Amino acid sequence: MTHPTQLPGYDESFWMDTSDSTSYPSLDEDIEVDVAVVGGGIAGLSTARELARTGRRVAVLEADRIATGVSGYTTAKVSALHTLVYDRLRRTRGREAARWYAASQQGAVEHLAGVVTELGVACDLERVPAYTYATDAAGVPALEAEARAASEAGLPAAYVTESELPFGISGAVRVDDQAQFHPRVYLLAVAEDIRAHDGLVFERTRVTGLSEGGPGRLTTESGRTVTARDIVVATHYPLFDRALLFTRLSPRRELVVAAPLPTDKAPMGMYITEEEGKRSVRSAPLSDGRRLLIVTGESFTPGTGDTRERFRRLDAWMRERFPVGATAYRWAAQDNDSTDTVPLVGPFHPGARHTYVATGFGGWGMSGGVMAGSLLTRLIEGDEPEWAGLYDPRRLLSTLREAPTMIRQQADVARHFVGDRLRTTHVDSVTEIPPGTGAVVRVGGRRCAVYRDQDGTATAVSARCTHLGCLVAFNEAETAWECPCHGSRFGVDGAVLHGPAVRPLEEVPLPEG
């Protein structure tokens, strides 16, 4: 095991670094509302805002601070062009499904732009084209098919062979009038609008229990309860999985590096390719007149591989292609892919009457979260749109088609659940762990996740994820323990950073000496 070396850039997202912090209260009493929304990201806040504007009493319950989870670490593209989704939808679910998907996603783009105008949010909203591109000629047929399918679905899509990128492409799908923005500034304004319509926003209020019924009841970590006629679970990965949605979701983590460059050298469009482990490119305005190039890629399952090397590879890719200055920021984003590529938004499970879920946005949570807010509001109001079935988590025929993907996905989970227990640990004792790193090691016959800080002090917690018991692995670049099965993340002290886990890793005392 080697000592860590310096990575490029400040370990924080640009959005977090350039927006205000929040300090909404924690829930300190039992309350009753019309709708309780669990999760303070774009899906939860969008849903709460739409519902509050119908006159309902709404409460948002966020485990940490609002817009500091996935929504604070996104690339903030708001687009209806989702890589290569339309040709697949047309083939697997029909042309009507592709049209519904296009209409609902482009509707989300327009709705977000409308909210920005209505609230007067200075969130650097820019209407720009989106591209899915390939540099390898082998990718051209898929791009041509996607352009045809997206156009047939109603988007202003075209196949093109040129772009503003400083390197050649073999082809691309282009869709005009998409959007990019500063997500944190936007979401903080949305939260204030919720409060302006008599809604409640609670932070540092982790929900740990759900009792369904009429009304339903949520229990928090502190023992407080929220009673509500309708409950929305919008926690990125569902906390309560009564529909076994974990069998239809796979977590994916991607890295981001960002560096300034002259405005005349910055791409104004939004670009993505599946090549080289995915590469996504956009830029954002800086206060000094330059722009910040934001490059995303290196997709991987949480808890696997060398994250530091991935950061270096992504940074090198950026520098080889763009005339950027010193890397200013680096961060990581986490997404959940559904097995049929379509988000799961609607009733939580077949027996649900007043409990709803929004998850599985597959890397497109900005448009997906806004769409979810509109859809869930209409469902709660009893105004089900004709396209609701496209996203319905209870969809049966799609689930049957997903079976091979689900089987492969669960085989990966089983491989980690069993194989990680058989694998030899990287070190034989706590004393072998260098400062600033962590490893899973046996302590008193028990597998423990042990981190040693820069001063040499070791902290040990159980290595078993509190969600379903898979073994965690250490992410050295982000100083966190990660579960490769369903994506839960924990701090070095065992605190939950990212669900679906709701309980921390158990602290384990280390023997003296």
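**Cysteines and a helix**

Trainee: Quick one on this predicted model: is Cys485 buried or exposed?
Mentor: Cys485 is buried, at a relative accessible area of 3%.

Trainee: Which residue is joined to Cys485 by a disulfide?
Mentor: Cys470 is, and the S to S distance is 2.0 Å. That is inside the 2.5 Å cut-off.

Trainee: Where do Cys470 and Cys485 sit in the chain?
Mentor: The pair links distant parts of the chain, 15 residues apart. Cys470 is in the loop between β21 (458–462) and β22 (473–475), while Cys485 is in the loop between β23 (480–482) and β24 (489–490). Cys470 is buried as well, with a relative accessible area of 2%.

Trainee: And is the link left-handed or right-handed?
Mentor: Left-handed, with -95 degrees about the S-S bond of Cys470 and Cys485.

Trainee: How many disulfides are there by that cut-off?
Mentor: The count comes to 1.

Trainee: Switching topic: how many residues of α8 are buried?
Mentor: 14 of its 17, so going by the under 20% cut-off, α8 is mostly covered.

Trainee: What span should α8 have?
Mentor: Helix α8 (residues 365–381) should span 24 Å, because it has 17 residues at 1.5 Å a residue. Its end C-alpha atoms are 23 Å apart, which agrees.

Trainee: What comes just after α8?
Mentor: Gly382, which takes a positive phi of about 80 degrees.

Terms used
Residues numbered from 1 in each chain as written. Predicted model: local features only at pLDDT ≥ 70, side-chain atom pairs only at ≥ 80, totals over all residues. Heavy atoms only, no water. Helix = DSSP H or I, 4+ residues; strand = E, 2+ residues; numbered from the N terminus. Buried < 20%, exposed > 50% of the residue type's maximum accessible area, 1.4 Å probe, protein only. Expected span 1.5 Å × (residues − 1).
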